[in-house]
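This report walks through a few features of the structure shown here, taking a sheet, a core and a surface patch in turn.

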Amino acid sequence: MHTHEPLIKLDGISFSYPGGSPVLEDLTFTLSEHDRIGIVAPNGSGKTTLLHIIMGLLTPSAGSLELFGRVMQTEKDFQDVRRKAGLLFQDADDQLFSPTVLEDVAFGPLNMGKTKEEALALSRKTLAYLGLEDFEDKITFKLSGGEKRLVALATVLAMEPQVLLLDEPTAGLDQDTKKRLIKTLSELDLAYILISHEFDFLTATTDHMYPMENGKILVDEELHVHVHEHAHKVGAHPHRHV
Amino acid sequence: MIEEPFAKGDSFIHNIDPRLRIAAAAMLSIAVALSSGFATLLSALAIAALALVAANLDWRRVCGRLLVVAGFLILLWLILPITHRGYPLYSLGPVTVTREGIMLATQITLKSFSILALLIALVATMPVAALGNALGSLGVPGKLNQLLLVSYRYIFVIEQEYQRLVRAAKIRGFQPGTNLHTYRTYAYLAGMLFVRASMRAQRVYQAMLCRGFHGRYIPLQTFKTGKQNPVFAVLTLSALVSMLYLEWT
């Protein structure tokens with residue numbers, strides 16, 4: 001067994017929105033290189049908040065955050081980190097704001113200081129990798145839901161991140177797009193945190209699954225999905241498994 | 001997304017540096033707006049028409065845009081000749097058509113069409129992103145510039161949100177009338193729209209931050225540096241000088 005460098009280290013993170021009850025409470029979690037972690041969380045459990053805290057979009061009220069071996073304190077710290085961590089937003093519409101697909105994908109690389117030629121080459125490569133070669137000149141606004149999600153993923157991957165944070169990537173996707181997403185994610189050599197409710201999708205894409213409850217990620221309660229068959233005398237009646 | 005039907009092309013105008021085009025459009029438009037001589041205005045219209053030809057645009061679309069203004073001008077033609085004081089040309093009962101009124105309406109018509117045609121030929125022929133960048137490098141403040149670009153992108157999203165809210169009200173049997181319930185519902189709709197728009201703006205800004213945005217759009221387009229830029233500048237300046245000459249002699 002070999003140890004990996006921790007990429008994301010959250011220690012005792014708490015957060016509450018103004019005037020609300022705590023969303024995250026003393027949350028501790030570590031993501032190391034090559035980790036592919038699924039988090040199963042009910043609606044309103046603070047999963048989006050958690051991802052936004054990692055990206056520095058929200059500031060926790062307590063706890064420490066260490067990314068890529070550095071303790072995060074100021075906005076400046078986060079500006080460097082955002083190049084290495086890619087967040088796929090829950091709503092792709094929030095993420096796509098350029099007129100055409102190519103411009104949108106090139107936005108991140110350009111901000112990272114790449115030249116136009118480099119940014120274009122990188123964007124085309126990323127689009128081709130995702131099978132979106134013909135999308136370059138399409139208008140982002142007119143794409144279908146599934147296409148938007150894939151293009152949004154392309155905008156994130158074009159920045160060549162070391163970590164991906166995926167916020168319910170399958171929400172509203174059809175089976176085909178889901179399969180494409182599963183294939184892409186399993187081919188990527190990246191550490192990621194994936195938040196979803198869909199066990200099928202999580203089993204296909206992640207190595208570990210943890211539940212999130214009461215503002216904590218319960219690392220001790222790893223979830224295992226298995227399929228079982230059994231007969232009931234009165235099988236037509238609804239029944240519970242505990 | 002607002003369509004940019006004129007932005008794509010490879011004409012003489014399309015290959016001119018956007019900054020130069022904006023500067024030319026601004027100078028010529030101001031000159032047209034301040035001129036009053038018919039010789040000046042007619043030559044301005046000719047210059048604008050030449051610019052349209054040089055931009056090699058789809059004529060039907062151009063006419064469509066010009067017709068929008070024609071609607072407003074018809075209103076002017078109905079009102080100005082009979083309300084403006086001056087030498088009476090024709091009387092019908094209490095209504096008198098004056099020569100000055102007709103001249104003013106003609107001037108406004110010529111000015112409107114020239115300026116609009118100039119803007120279509122010179123400014124509408126660049127994508128809005130290029131427009132934003134060019135404005136930025138011409139010294140327009142960054143915040144104003146971002147306001148332009150982001151509202152351009154999100155006007156449609158806001159419109160969609162509005163349609164969604166209206167649909168939600170309709171499927172629950174809402175019928176507008178002149179009563180307090182209607183006013184209150186519309187107030188809710190408007191309020192909700194503002195809330196949603198501002199939430200959305202916030203999320204978009206966050207997404208931009210996540211992708212390394214730090215206050216400045218970096219354009220993807222590159223513009224050829226060639227002979228066409230100085231040629232265009234000389235043409236613009238001579239057009240401007242000849243208009244000024246016509247106006248002052």
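## Contacts and the nonpolar core

Contact here means that heavy atoms lie within 4.5 Å. The model is a predicted one. Leaving aside residues up to four places away in sequence, Leu67(A) touches Leu7(A), Ile8(A), Ile54(A), Met72(A), Phe78(A) and Val81(A).

Leu67(A) belongs to the largest nonpolar core, which holds 39 residues, and is one of those that touch the most other members, a group that also includes Ile8(A), Leu10(A), Leu27(A), Phe29(A), Ile54(A) and Leu165(A). Strand β1 of chain A, residues 6-16, supplies the largest share of this core, namely 5 residues.

## The open sheet of chain A

In chain A, 6 strands form an open sheet with mixed pairing, and their order is β6-β7-β8-β3-β9-β10. The edge strands are β6 (85-88) and β10 (216-217) of chain A, each of which pairs on one side only.

Within this sheet, strand β3 (residues 36-40) of chain A runs parallel to strand β9 (residues 208-213) of chain A, and 4 bridges join the two. Ile39(A) stands opposite Tyr210(A), which lies in β9(A).

## A nonpolar patch on chain B

On the surface, Ile82(B), Tyr87(B), Leu89(B), Tyr90(B), Leu92(B) and Val95(B) form a nonpolar patch, whose accessible area together is about 620 Å². Strand β1 (residues 88-92) of chain B gives the most to this patch, with 3 residues.

Ile82(B), by contrast, has its place in helix α3 (residues 59-83) of chain B. Ile82(B) counts as partly exposed because its relative accessibility is 42%, and that class lies between under 20% for buried and over 50% for exposed.

Conventions: Residues numbered from 1 in each chain as written. Chains lettered and ligands numbered in written order. Predicted model: local features only at pLDDT ≥ 70, side-chain atom pairs only at ≥ 80, totals over all residues. Heavy atoms only, no water. Pairing = 2+ DSSP bridges. Core = buried A, V, L, I, M, F, W, Y, C linked by side-chain atoms within 4.5 Å. Buried < 20%, exposed > 50% of the residue type's maximum accessible area, 1.4 Å probe, protein only. Patch = residues over 30% accessible without salt bridge, like charges linked within 9 Å, V, L, I, M, F, W, Y side chains within 5 Å. Areas by Shrake-Rupley, 256 points an atom, 1.4 Å probe, with all protein chains shown as cover. Salt bridge = Lys/Arg side-chain N within 4 Å of Asp/Glu carboxyl O.
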